[in-house]
Amino acid sequence: MIGVYDYTVIATYLALIISIQGIFISASGRPEVGLLCLMMCGMIDTFDGRIARSKKDRTEEGKLFGIQIDSLNDLVCFGVLPSVIGFSMGMTGFLSRIVLSLFAIAALIRLAYFNVLEEKRQQETVAERAAYLGLPVTTVSVVMPLFYLLSVYLRLNKTVVFTVLLLLLAVAFISPLKVRKLKLPGIILAGLLVIAEAGLMIRMVF
């Protein structure tokens with residue numbers, strides 16, 4: 001069988017399964033559950049790189065496969081799933097569909113360019129990456145649920161809020177911004193924010 005099969009890809013496959021379920025559920029009119037799936041994908045993505053690096057005897061082919069599969073998975077989790085969630089929340093008009101399409105395209109470009117840079121970087125050094133060029137697409141897993149909760153509690157128009165938000169995120173994905181990689185304190189704070197968001201979202205769902 002072609003491909004690489006070891007524990008380093010389990011988290012990636014799990015995130016893909018969750019995102020696909022999120023797409024199905026969001027398409028059936030349950031965007032809150034889709035947002036929960038999006039947050040779970042974001043949490044898994046936080047650790048999948050560390051899981052991959054824990055295997056000391058990875059072949060060069062395995063490393064390259066890991067880069068590709070991670071980005072392909074991220075496109076579904078953080079490009080396609082958010083677009084379907086937005087559509088299920090009322091972004092069904094012509095302008096909204098254009099924004100949703102641009103968002104997915106920007107995520108695709110960001111991930112493909114990251115692959116190019118990461119492959120070159122790994123050929124030059126074994127050190128961990130210190131910063132990203134362009135806003136990481138995983139940011140949507142924190143920002144989108146936050147704005148959903150704000151739009152609910154402040155009674156804002158979700159279509160307007162998410163049209164603006166996803167357009168701004170799309171621009172940030174492909175802008176030459178240097179975003180420093182989160183250290184442990186930043187990861188903890190982001191994790192606490194996601195837990196708080198998930199708690200509020202679960203109360204809405206159940």
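Trainee: Is Tyr132 buried, partly exposed or exposed?

Mentor: Tyr132 is partly exposed, because its relative accessible area is 21% and buried would need a value under 20%. Bear in mind that this is a predicted model.

Trainee: Good to know. And Phe114, buried or exposed?

Mentor: Phe114 is buried, with a relative accessible area of 18%.

Trainee: How many aromatic pairs does the structure hold?

Mentor: There are 2 aromatic pairs. In one of them, the rings of Phe103 and Phe173 have centres 5.4 Å apart and planes at 50°, so that pair is tilted.

Trainee: Why tilted, for Phe103 and Phe173?

Mentor: The angle decides it: planes under 30 degrees apart would count as stacked and over 60 as edge-to-face, so at 50° the pair is tilted.

Trainee: Which parts of the chain does that pair tie together?

Mentor: Phe103 sits in helix H4 and Phe173 in helix H6, so the pair ties together parts that are 70 residues apart in sequence. Both Phe103 and Phe173 are buried.

Trainee: What about Phe114 and Tyr132, how do their rings sit?

Mentor: Phe114 and Tyr132 form a tilted aromatic pair too, with 6.3 Å centre to centre and 45° between the planes. This pair links distant parts of the chain, with Phe114 in helix H4 and Tyr132 in strand E1 (residues 131–133), 18 residues apart.

Trainee: Switching topic: where is Arg110 found?

Mentor: Arg110 is in helix H4. Arg110 is buried yet has no salt bridge.

Trainee: What is the nearest side chain of opposite charge, and how far away is it?

Mentor: That would be Asp74, 8.0 Å away, whereas a salt bridge needs the side-chain nitrogen and carboxyl oxygen within 4 Å.

Trainee: Which residues does Arg110 touch, then?

Mentor: Leaving out residues up to four places away in sequence, Arg110 touches several, among them Tyr132, Gly134, Pro136 and Phe173. A polar atom of the Arg110 side chain lies 3.4 Å from the backbone oxygen of Gly134.

Trainee: Let's look at H6. How many residues does it have?

Mentor: H6 covers residues 158–174, which is 17 residues. From first C-alpha to last, H6 reaches 24 Å, close to the 24 Å expected at 1.5 Å a residue.

Trainee: Which residues of H6 are buried?

Mentor: The buried ones include Val161, Phe162, Leu165, Leu169 and Phe173. What covers the buried residues of H6 includes helix H4 (94–124) and helix H5 (140–153).

Trainee: Last one: what does Asn157 reach at the start of H6?

Mentor: A side-chain oxygen of Asn157 comes to within 3.0 Å of the backbone nitrogen of Thr159.

Conventions. Residues are numbered from 1 along each chain as its sequence is written. This is a predicted model: local features need pLDDT of at least 70, side-chain atom pairs count only at pLDDT 80 or more; totals for chains, interfaces and linings use all residues. Side-chain values use heavy atoms; hydrogens and water are left out. Helices (H or I, at least four residues) and strands (E, at least two) are DSSP runs, numbered from the N terminus. The expected span of a helix is 1.5 Å times one less than its number of residues. Buried means under 20% relative accessible area, exposed over 50%, partly exposed in between (1.4 Å probe, protein chains only). Contact means heavy atoms within 4.5 Å. A polar contact is a pair of N or O atoms within 3.5 Å; within protein, one must be able to donate a hydrogen and the other to accept it, and residues adjacent in sequence count only if both atoms are side-chain atoms. Lys and Arg count as positive and Asp and Glu as negative; His and the chain ends are not counted. Rings of Phe, Tyr and Trp (its six-membered ring) pair if their centres lie within 6.5 Å; planes under 30 degrees apart count as stacked, over 60 as edge-to-face and the rest as tilted.
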